[in-house]
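Welcome! Here is a short tour for anyone meeting this protein for the first time. Take a look at the sequence and the model, then read on.

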Amino acid sequence: MTFGAAVAFLIATVLAVPAGPASAGGLRPGVESAAAGEFDQATMDRVGAELAATAAHRSRVLGRVSVCYNAHLADIGWQGQRCDGRIAGTTGENRRMEAIMISLGDGTVCYNAHLADIGWQGQRCDNAVAGTTGQSRRMEAIKVVSAAADICYDAHVQNIGWQGRRCGGATAGTTGQSRQMEAIRITASPIR
């Protein structure tokens, strides 16, 4: 293998989001739609562990802090891992985000989801589920913070679109407007 081919292979390997074999719907086996009900704790633990392992691996290989996240969507369930600014959720499908898990490759990340008929749910950290599964409840806003990295995020909101980047615990999404978050992209960078 030539040096150029080796570099291309390494870049493709690092930038790929390992998700295992996909089912016909594009989801990993065992992480299918939640339409039948809420996921059991073993599935939630497995999804969280995969997310943490991917974020840690990407941080080591890329030599910089990496953030990975997994969104739970209406009629889809857990979508699969996204990392470092890639879109989790959907745009143009009017599909609500219902929950999210977030993992920082090196350090702790905490987040708080604002939910329909609940309000701010309370802080969750490091792969814990923020939001709900199996309740058809929309996520309306999110705040994300970390002492280990600068975290920025952009929410795609119903009838608004992409709102623009928010950082360090600022609210992305809306409260008091009954608008669903439909997608999010999150980035992490070293603290300046």
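## Three sulfur links

When the bonded cysteines of the protein are numbered in sequence order, they pair as 1-2, 3-4, 5-6. The count is three disulfides, a disulfide being a pair of cysteine sulfur atoms within 2.5 Å. This is a predicted model, in which local features need pLDDT of at least 70, side-chain atom pairs count only at pLDDT 80 or more, and totals for chains, interfaces and linings use all residues. Residues are numbered from 1 along each chain as its sequence is written, and side-chain values use heavy atoms, with hydrogens and water left out.

## A closer look at each pair

Cysteine 68 is joined to cysteine 83, with an S to S distance of 2.1 Å. This pair links distant parts of the chain, from strand S1 (residues 67–73) to strand S2 (residues 77–83); strands (E, at least two residues) and helices (H or I, at least four) are DSSP runs numbered from the N terminus. Cysteine 68 has a relative accessible area of 0%, so it counts as buried; buried means under 20%, exposed over 50% and partly exposed in between, with a 1.4 Å probe and protein chains only. Cysteine 83 is buried too, at 1%.

Cysteine 110 bonds to cysteine 125 at 2.0 Å, S to S. The torsion about their S-S bond is about 100°, so this disulfide is right-handed. Cysteine 110 is buried at 11%, whereas cysteine 125 is partly exposed at 27%. Cysteine 152 and cysteine 167 form another disulfide, with S to S 2.0 Å. Here the torsion is about 105°, so the link is right-handed. Cysteine 152 is buried at 6%, while cysteine 167 is partly exposed at 35%.

## Charges over rings

Lysine 143 lies over the face of tryptophan 120, 4.5 Å from the ring centre. Arginine 185 sits over tryptophan 162 in turn, at 3.8 Å from the ring centre. A charge is over a ring if NZ of Lys or CZ of Arg is within 6 Å of the ring centre and within 35 degrees of the ring normal.

## The whole protein

The protein has two helices and 14 strands, and 45% of its 192 residues count as buried. Average pLDDT, the predictor's confidence in each residue from 0 to 100, is 81, and 80% of the residues score at least 70. Over residues 1–37, pLDDT stays under 50. Where pLDDT is low, the predicted coordinates should not be read in detail.

Conventions: Contact means heavy atoms within 4.5 Å.
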